[in-house]
Amino acid sequence: MAQPKDFGFGSEEQMLRDAARKFLKDHAPIEKLRALVAKDHKLAYESAVQPLAWDERVWKQMVELGWTALAVPESAGGAGMKTIAVAALAEEIGRAALPSPLIATLIATAVLREAGTDAAKTCLERVVGGAAASFAGPGAEGSWLPDATSIAVTESGNGAVLKGSVPFVQEARKAAFFVVAARDAKGGVGLYAVASDAPGLKILPDRVVDLTRDQARVEFDDVKVGTSAIVASSTGSVGAKAVAAALPAILTIVAADLCGAAEWQLQTTAEYARVRTQFDRLIGFFQAVKHPIVNVMIDVDRARSLTYAAACAIDTEPESALCLARMAKAAASDAGAFASSRSIQLHGGIGFTWECDVHIYVKRQKHNQFYFGDGPYQRAKIAQLIDRAA
Amino acid sequence: MTEHEEFREYCRRWLAENRPAAPSFRLPLSPIEVMTEEQRRYLCAWEKKCYEAGLIGCDYPKEYGGGGHAGFQQIAGQEMGRAQVPYLINVIGLSMAAPTILNHGTEEQKRRFIPPLLAADEIWCQGFSEPNAGSDLANAQASAVRDGDNWIINGHKVWTSLAHFASWMIMVTRTSNEHKYNGLTYFIVPIANTKGVTVRPLIKITGETGFNEVLFEDVVVPDAYRVDEIGKGWTVAMTTLLYERGAAEGAGSGGGISLDERIAQLVSLAKRSRRDGKPAWEDAIIRDRVAQLAIRVEGMRQGHRRMRVEPLTDHPMRLPLQAKVTVSELMQDIAAVALEIEGPAASLYVGDPGAPDNGQWPLAYLNSYGFTIAAGSNEIQRNILGERVLGLAKSK
Ligand SMILES: Cc1cc2nc3c(=O)[nH]c(=O)nc-3n(C[C@H](O)[C@H](O)[C@H](O)COP(=O)(O)OP(=O)(O)OC[C@H]3O[C@@H](n4cnc5c(N)ncnc54)[C@H](O)[C@@H]3O)c2cc1C
């Protein structure tokens, strides 16, 4: 199938994107973000438990706007919009560096969509209703492969039992339920919906660098799951297949978040170079300032182009989606890292202070750079893909 | 089928049927290294044939020798690229002189100069750069002094690609010392067999020639060859540069071979080359480098696609102005990685029977600097991007 020239980004998608940008500008501006996540450096640096800093009212409004329903198929009561729309929304979330469970929920949604069972449908209906979800499974041992998980499962006639502990679960304290990947004794991977207050489930919040995020290790101490919550069975590793099918979307969503934040970093750094004067000149005059900012722009643009292409491929040409999504995630991870580094350096002393907003974005970018694999990780996989194509 | 689809079909069919036999001699990587008379004859004959078949000059008005169509040239260009037929030698004529004359020339100039240019009967060169006017083009000093109906030209142009084959030059001259920018005037100047004109080849780092220095000593040029008004040379030159940059994006990709194919070539080269006793393709760092380039190739392709999707571009010039920088640096880095893959075999140059891929990679590497320097060096391009797109203070 051929891809549309415009990435499938039509008037409907543009309306959504523009509305999201305006909503976040009005309801989650940088001043509010600063007050929310960076008001007290002591809390961030010294407290034993990561403070949970997010605006639940904004989240409720986002649910009312239909953002959680966006990627849910119409059959489960959602809007069934294209991945290009989801990517555009994720980009706006990144631009606002919004602390919210939306990205985690969109990722869980991508996995649930691919599972396609009644149990998955029930979960998706909950998401439409505003339940935040998070995907728990990969991340241990540095693997993000579709069958990666550190949880064990035993399925039986009346459900399943989960045991083990999984690191790096996103937005764990905001999630109403988890989509958990777990491996059975034969090596098959299944998917299970588990309420965050299920007996035997323990959330151990991490102390994370990123002030806009909530992350935890989640422990499962013989957590019982009913048959109606088996999203994909471990028999035949059906769960791993669903995750594999969702992987391009997962990578694309994280890449879009990185791109949005990187664009903010580019514009904010350029703005500073337009107003700050030294040696009687605006510092943007100096090519040691000007050229790195241009290089950031070139890298951000590459990442954005690839992210839109990956999203469009998921919608229209699935066979080429994985390679493009890995390229998008690699390019966005590197662009985010480079934009971060230059945003601090080119702000000078003020850029090194807690008071200046750039550190909030730098920390979010560093988090997303490694989540689901950084540039070198993706490129190792891409080398296999282009070898096969060559 | 629309008129455009029909034309595309036609181009495909014609190119399949008329592909020229490979020459018995070597052709250089790009038209601006064409050196010998036999190369010139082969390439001019091919270009003329394309013109006669309607694949060149399709969008020019009929009265100037064109096809009188709209939107055909892009299609013909794409199909020539796809078919991997030889490049067009009269590149400076086609991509710079003709559009400049069409925009700024008199009716007589259009009728006299454009038809033989399109037919590759007359080759063109560009005389902008001088020893002391490169990036700072407005510093051009070659002088034109009025003498009745004529102008007398004196001066020194450098890096003049194709001047050794050229009938005509588009030339920036100084007609007044009072103003830097408004003291420039643009001319069409005869080069071949012209009294007072000396063309001397300059040798490139590859060992090839292809560009020249051109000396002017009391060269007489009729006023009828002046393009646009006296003192308007800077404006006319900007038109030429606009088209040059567009052409440079294409030229940077190096005569026909698609960038995807270059990545496939790197993979194949890495499988054949040995590194630490194993195929280089098994080396994680080599794989990483090739994957990085594959990402840049795909990113560039998707950037070209996004350029035309207005709601996803933010600023109209943001992506177009990046194109020359990204393609020229990509070509350079592809060649540099090829040398890393070859390891010690990268020491073998064209002509060595043992050189992998006929020694094309060291040649491509050396040659790649032409494109990061010419058509506005990449440093100048970065200034332009920072200033026009991001509003940073002008460096001048
Ligand atoms: C292969 C090739 C073919 C060419 N063909 C033609 C031709 O047919 N006709 C023609 O007229 N010219 C031609 N040129 C010339 C070309 O346009 C010039 O080489 C180019 O504009 C640079 O000028 P320069 O060589 O004088 O270098 P300079 O301008 O002296 O530059 C030297 C270095 O300084 C940097 N620099 C200069 N100014 C600035 C600044 N403001 N900010 C940052 N960095 C700066 C440059 O980027 C470069 O790295 C050709 C060049 C090449 C390499």
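How many positive and how many negative side chains does chain B have, and how far apart do the centres of the two sets lie? In this predicted model, chain B has 43 positive and 48 negative side chains, with the centres of the two sets 3 Å apart.

**Chain B**
- Chain B contains 11 helices and 10 strands, and its C-alpha trace spans about 75 × 50 × 50 Å along the principal axes.
- Because a compact globule of 396 residues would have a radius of gyration near 21 Å, the 22 Å of chain B agrees with that expectation.
- Of the 396 residues in chain B, 53% count as buried, while the chain exposes about 17,400 Å², of which carbon and sulfur atoms supply 52%.
- Among the contacts in chain B with a separation of 6 or more, 70% are accounted for by residues 24 or more positions apart.

**Chain A**
- Chain A contains 12 helices and 10 strands, and its C-alpha trace spans about 80 × 50 × 40 Å along the principal axes.
- The radius of gyration of chain A is 21 Å, which agrees with the value near 21 Å for a compact globule of 390 residues.
- Residues 24 or more positions apart account for 77% of the contacts in chain A with a separation of 6 or more.
- Chain A carries 42 positive and 43 negative side chains, and the centres of these two sets lie 4 Å apart.

**Nonpolar cores**
- The largest nonpolar core has 165 residues, and those touching the most other members include A:Trp67, A:Leu162 and A:Phe220 from chain A as well as B:Leu266 and B:Val290 from chain B.
- Helix 8 of chain A (residues 238-275) provides the largest share of this core, 19 residues.
- Apart from this core lies another, of 54 residues, among them B:Cys44, B:Ile56, B:Ile92 and B:Ala119.
- Leaving aside neighbours within four places in sequence, A:Leu162 is in contact with residues including A:Ile151, A:Val180, A:Val194, A:Phe220 and A:Asp222.

**A:His291**
- A:His291 is placed in helix 9 of chain A (residues 287-316), and it counts as buried because its relative accessibility is 13%, the cut-off being under 20%.
- Apart from neighbours within four places in sequence, A:His291 is in contact with B:Glu379, B:Arg382 and B:Asn383.

How values were computed: Residues are numbered from 1 along each chain as its sequence is written. Chains are lettered from A and ligands numbered from 1 in the order in which they are written. Side-chain values use heavy atoms; hydrogens and water are left out. A nonpolar core is a set of buried Ala, Val, Leu, Ile, Met, Phe, Trp, Tyr and Cys residues joined through side-chain atoms within 4.5 Å. Buried means under 20% relative accessible area, exposed over 50%, partly exposed in between (1.4 Å probe, protein chains only). Helices (H or I, at least four residues) and strands (E, at least two) are DSSP runs, numbered from the N terminus. Contact means heavy atoms within 4.5 Å. The radius of gyration is taken over C-alpha atoms; the globule rule is 2.2 Å times the number of residues to the power 0.38. Accessible areas come from the Shrake-Rupley method with a 1.4 Å probe; for residues, only the protein chains shown count as cover. Lys and Arg count as positive and Asp and Glu as negative; His and the chain ends are not counted. The place of a charge is taken as NZ of Lys, CZ of Arg, CG of Asp or CD of Glu.
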